[in-house]
Amino acid sequence: MPDRPTPRAVALIPARQGSKRVPGKNIRPLGGHPMLAYTIAAARASGVFEAVMVSTESEDIARIARHYGAEVPFLRPAACAHDTATDLEVFRHALGWLAGHEGYACDLVVHLRTTAPVRRVALVDAAIARDRRHRTRMRVAEGGREAVTHYRVASKFRQHTLLDV
């Protein structure tokens, strides 16, 4: 197991290859870069994450994610990569894999969706700051639509906080 410090905050970006409505949407070009690149850039620019990780079943998406500075320590199994897989299944797999293979755990997991490429870094920072102050379920709206949802996720590994930003 690699000797890796336990982070306090991790950005986890699910990026499945098999979209049925918009094939390849996570790596579709937008302004000269794959859509995934903007989510990785926002997480890195935030400065609050000890790790920015992408969960995918695709070697192509993994290669692109690494190119833009994200970690992809595993490929997601088919059981968590189909169109009816839930976010919770994806996050449980990722956190379980990290704990089991690398002894890696975290206090806060922030869910950043690839399909929201124009999120403001300030919103990510504000959501995390608010979570650290209140540690309760919260919702933050931006432009009339829900932009951040906070969840507590009990797992067999430890208590995690999950933010959907």
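Which residue, with a positive phi, follows H3? The legend on helix H3 gives the answer. The model is predicted: local features need pLDDT of at least 70, side-chain atom pairs count only at pLDDT 80 or more, and totals for chains, interfaces and linings use all residues. Residues are numbered from 1 along each chain as its sequence is written, and side-chain values use heavy atoms, with hydrogens and water left out.

**View 1. The whole protein has four helices and eight strands.** Helices (H or I, at least four residues) and strands (E, at least two) are DSSP runs, numbered from the N terminus. Along the sequence, their order is β-β-β-α-β-α-α-β-α-β-β-β. Of the 165 residues, 45% count as buried; buried means under 20% relative accessible area, exposed over 50%, and partly exposed in between (1.4 Å probe, protein chains only).

**View 2. Helix H3 covers residues 87-102 and is followed by Gly103.** The phi of Gly103 is positive, near 60°. The expected span of a helix is 1.5 Å times one less than its number of residues. For the 16 residues of H3 this gives 22 Å, and the end C-alpha atoms are 22 Å apart, so the two values agree. Among the buried residues of H3 are Val90, Phe91, Trp97 and Glu102.

**View 3. Strand S4 covers residues 51-55, and five of its five residues are buried.** In a regular strand the side chains alternate between the two faces of the sheet. In S4, Ala51, Met53 and Ser55 point one way, while Val52 and Val54 point the other way. Strand S1 (residues 9-14) pairs with S4 in the parallel sense over five bridges; two strands pair if DSSP finds at least two bridges between them. Ile13 stands opposite Val54.

**View 4. Thr39 lies in helix H1, residues 35-46.** Thr39 is buried, with a relative accessible area of 0%. Leaving aside neighbours within four places in sequence, the residues in contact with Thr39 (heavy atoms within 4.5 Å) include Ile13, Leu112, Arg113 and Pro117.

**View 5. The largest pocket is lined by 20 residues.** On a 1 Å grid over the protein atoms alone, a pocket is an open set of points where a 1.4 Å probe fits, with protein on both sides within 12 Å along at least five of seven lines; lining residues have an atom within 4 Å of a point. Arg16, Lys25, Ala85, Asp87 and Arg113 lie nearest the centre of the pocket.
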